[in-house]
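Visitor: I have a structure to look through. Can we go over it together?
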Amino acid sequence: MIKTQLTLYLKNKPGELARATRALTSAKINMEGISVAGTRDLSLVQIVVDDARAARLAMKKAGIPLTEQRVAVLSLDDTPGALAKVASRLAKKRININYLYATSPASGTGHECAVVVSADNLQKVQALWNK
């Protein structure tokens with residue numbers, strides 16, 4: 001599924017992530033995926049939520065700057081080599097993965113995980129992923 005990801009630009013200091021997540025909670029927005037990366041002064045928080053429009057408004061109200069990107073949110077078996085298989089398939093088609101982040105169920109449960117992928121051609125990623 002192709003979804004909107006929001007990248008939040010937060011100061012890299014205590015309480016900023018709490019402020020952003022409180023704003024989402026107040027608006028009753030559920031996060032489906034999150035990645036946080038920081039530099040000395042700035043944290044980039046990438047989120048996929050159940051309602052991107054409402055999240056955008058909540059962040060605006062909280063004074064949190066953001067950008068939007070389209071990403072593919074895909075299911076992957078929670079088994080050894082599952083990501084290697086798909087990454088190899090994408091490489092053979094010369095599709096570059098800009099970045100990805102994932103969730104993982106409790107080890108050994110056999111459940112699927114969700115993988116958020118940024119690439120130049122999301123439709124091709126989605127089609128090759130599901131083969």
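Visitor: Is lysine 28 buried or exposed?
Guide: Lysine 28 counts as exposed, because its relative accessibility is 74% and the cut-off for exposed is over 50%. Bear in mind that this is a predicted model.
Visitor: Where is lysine 28 found?
Guide: Lysine 28 is in the loop between helix 1 and strand 2, the latter covering 31-38. Its phi is positive, about 60°, although lysine 28 is not a glycine.
Visitor: Which loop does arginine 94 lie in?
Guide: Arginine 94 lies in the loop between helix 3 (82-92) and strand 5 (97-102). Arginine 94 also has a positive phi of about 60° without being a glycine. With a relative accessible area of 77%, arginine 94 is exposed.
Visitor: Back up a bit. How many helices and strands are in the protein chain?
Guide: There are 4 helices and 6 strands. In sequence order the pattern is β-α-β-β-α-β-α-β-β-α.
Visitor: What does the C-alpha trace span along its principal axes?
Guide: About 45 × 35 × 30 Å. The protein chain has 131 residues, and 36% of them are buried.
Visitor: OK, strands. Which strands does strand 1 pair with?
Guide: Strand 1 is joined to strand 4, residues 66-77, by 7 bridges, and the two run antiparallel. Strand 1 also pairs with strand 3 in the antiparallel sense, again over 7 bridges.
Visitor: Is strand 1 mostly covered or uncovered?
Guide: Mostly covered, with 7 of its 10 residues buried.
Visitor: Which residues touch the most other members of the largest nonpolar core?
Guide: Leu8, Ile29, Ile47 and Met59 do, in a core of 16 residues. The elements giving two or more residues to this core are strand 1 (2-11), helix 1 (16-26), strand 3 (42-49) and helix 2 (52-62). Helix 2 has the largest share, 5 residues.
Visitor: What is isoleucine 29 in contact with?
Guide: Leaving out neighbours within four places in sequence, isoleucine 29 contacts Leu24, Val49, Asp50, Asp51, Ala54, Ala55 and Ala58.
Visitor: What else is there in the way of cores?
Guide: Another core, of 15 residues, lies apart from the largest one, and its members include Leu76, Ala82, Ala119 and Leu122. As a general point, nonpolar side chains tend to be buried together in soluble globular proteins.
Visitor: Let's switch to lysine 61. Which helix is it found in?
Guide: Lysine 61 is found in helix 2. Lysine 61 has a relative accessible area of 80%, so this residue is exposed, the cut-off being over 50%.
Visitor: How far is lysine 61 from alanine 23, C-alpha to C-alpha?
Guide: They are 8.3 Å apart in space and 38 residues apart in sequence.

Note on methods. Residues are numbered from 1 along each chain as its sequence is written. This is a predicted model: local features need pLDDT of at least 70, side-chain atom pairs count only at pLDDT 80 or more; totals for chains, interfaces and linings use all residues. Side-chain values use heavy atoms; hydrogens and water are left out. Buried means under 20% relative accessible area, exposed over 50%, partly exposed in between (1.4 Å probe, protein chains only). A nonpolar core is a set of buried Ala, Val, Leu, Ile, Met, Phe, Trp, Tyr and Cys residues joined through side-chain atoms within 4.5 Å. Contact means heavy atoms within 4.5 Å. Two strands pair if DSSP finds at least two bridges between them.
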